[in-house]
Amino acid sequence: MKTSVVIPCKNNIATIDKCLASLMPYYNEGYIKEIVVVDGHSTDGTLEVIKNYPVKLLFEQVEGNIG
């Protein structure tokens, strides 16, 4: 069985790299089918980190809190 992982985030520069890096072994082995990051319009550099990973990046339609 393959899994999709969805990560909601906004201004998570302090943790997003560690979070995504921890998923990569499972993604590379085929246990994770896709990683989807839903961003709430980050302004702290989070997007630059996310772009280093093979993820689908989506943006929340309305700027504000993810909820």
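**Contacts, burial and charge in a predicted chain**

Guide: In the protein chain, 58% of the contacts with a separation of 6 or more are between residues 24 or more positions apart. A contact here means heavy atoms within 4.5 Å. The model is predicted, so local features need pLDDT of at least 70 and side-chain atom pairs pLDDT 80 or more, while totals for chains, interfaces and linings use all residues. Residues are numbered from 1 along each chain as its sequence is written, and side-chain values use heavy atoms, leaving out hydrogens and water.

Visitor: What are the elements of the protein chain, from the N terminus on?

Guide: The order is β-α-β-α-β, which comes to 2 helices and 3 strands. Both kinds are DSSP runs numbered from the N terminus: helices are H or I with at least four residues, strands are E with at least two.

Visitor: Does isoleucine 16 count as buried or exposed, and why?

Guide: Buried means under 20% relative accessible area, exposed over 50%, and partly exposed in between, with a 1.4 Å probe and protein chains only. Isoleucine 16 has 3% relative accessibility, so it counts as buried. Of the 67 residues of the protein chain, 31% are buried.

Visitor: Where does isoleucine 16 lie, and which residues is it in contact with beyond its neighbours within four places in sequence?

Guide: Helix α1 (residues 16-28) holds isoleucine 16. Its contacts beyond those neighbours are Ile7, Thr46, Val49 and Ile50. Threonine 46 is 30 residues away along the chain, yet the two C-alpha atoms are separated by 7.0 Å.

Visitor: What makes the pair of lysine 56 and glutamate 34 a salt bridge?

Guide: The term requires a side-chain nitrogen of Lys or Arg within 4 Å of a carboxyl oxygen of Asp or Glu. Between lysine 56 and glutamate 34 the N to O distance is 2.8 Å, so the pair meets the rule. The pair links distant parts of the chain, 22 residues apart: lysine 56 is in strand β3 (residues 56-59) and glutamate 34 in strand β2 (residues 32-39). The count by this rule is 1 salt bridge.

Visitor: Why is lysine 56 called partly exposed?

Guide: Its relative accessible area is 48%, so lysine 56 falls in the partly exposed class.
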